[in-house]
Amino acid sequence: MPKYVNRDSLSQALSHGLGLSSKDAQDAVTLVFEELSDCLADNGTVDIAGFGKFTLFHRKERMGINPATGERIPIEASELPKFRPSATLKKRCNLQRQERQR
């Protein structure tokens with residue numbers, strides 16, 4: 001069964017793996033995500049060696065269609081984060097997939 005990772009599971013892993021209190025582990029996870037979010041919001045790049053890189057991508061204004069009415073509506077331009085996995089992460093994922101197929 002695939003593992004599901006969220007803030008709670010990350011803080012539990014920190015708590016058990018490093019012997020931190022639950023509160024300290026939750027604070028650490030919150031701090032990391034705030035730092036990553038702040039960096040991207042300031043048009044920065046988040047590059048985590050062995051995991052991947054987050055960058056901001058500019059999406060141009062475009063026309064969309066309201067599915068309920070069929071009316072064409074403009075969708076404003078926006079910035080969104082994009083993730084590019086590292087070669088190390090890709091290799092690890094593919095090795096695990098191959099092991100599951102055996």
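Let me begin with a term: a residue is called exposed when its relative accessible area is over 50%, and buried when that area is under 20%, with partly exposed in between. By that criterion Arg84 is exposed, because its relative accessible area is 61%. Please bear in mind throughout that this is a predicted model.

Arg84 belongs to strand S5, which spans residues 78-85 and pairs with strand S2 in the antiparallel sense through eight bridges. Which residue is the bridge partner of Lys53 in S5? The partner is Arg84 itself. Arg84 can also be placed relative to Phe51: the two are 33 residues apart in sequence, while their C-alpha atoms are 8.8 Å apart in space.

On its other pairing, S2, residues 52-59, is joined to S1 by three bridges, and these two strands also run antiparallel. S1 and S2 make a hairpin with three residues between them. In the turn, Gly50 has a positive phi of about 80°. Ile48, in strand S1, has Gly52 of S2 as its bridge partner.

Is Val46 buried or exposed? Val46, which lies in strand S1, counts as buried because its relative accessibility is 6%. Ile48 has a relative accessibility of 34% and therefore counts as partly exposed. As for distances, Val46 and Pro81 are 35 residues apart in sequence and 10.0 Å apart in space, C-alpha to C-alpha.

Ile48 also takes part in a surface feature. Together with Phe51 and Phe83, Ile48 forms a nonpolar patch on the surface, and the accessible area of the three together is about 250 Å².

Strand S3, residues 62-65, and strand S4, residues 72-75, run antiparallel and are joined by four bridges. Within this pairing, Arg62 stands opposite Ile75 of S4. Six residues lie between the two strands of the hairpin, and Gly70 in the turn has a positive phi of about 80°.

I turn now to charge. How many salt bridges does the count come to? The count comes to one, and the side chains concerned are those of Lys23 and Asp27, with an N to O distance of 3.0 Å. This contact qualifies because a salt bridge requires a side-chain nitrogen of Lys or Arg within 4 Å of a carboxyl oxygen of Asp or Glu. Both residues lie in helix H2, four residues apart, which is about one turn of the helix. As to their accessibility, Lys23 counts as exposed because its value is 52%, whereas Asp27, at 38%, counts as partly exposed.

A further charged feature is a patch of negative charge on the surface, where Glu34, Glu35, Asp38 and Asp42 gather. Where is Asp42 placed? Asp42 is in the loop between helix H2, residues 22-41, and strand S1, residues 46-48. With a relative accessibility of 66%, Asp42 therefore counts as exposed.

Terms used. Residues numbered from 1 in each chain as written. Predicted model: local features only at pLDDT ≥ 70, side-chain atom pairs only at ≥ 80, totals over all residues. Heavy atoms only, no water. Patch = residues over 30% accessible without salt bridge, like charges linked within 9 Å, V, L, I, M, F, W, Y side chains within 5 Å. Areas by Shrake-Rupley, 256 points an atom, 1.4 Å probe, with all protein chains shown as cover. Lys, Arg positive; Asp, Glu negative; His and termini not counted. Charge placed at Lys NZ, Arg CZ, Asp CG, Glu CD. Buried < 20%, exposed > 50% of the residue type's maximum accessible area, 1.4 Å probe, protein only. Pairing = 2+ DSSP bridges.
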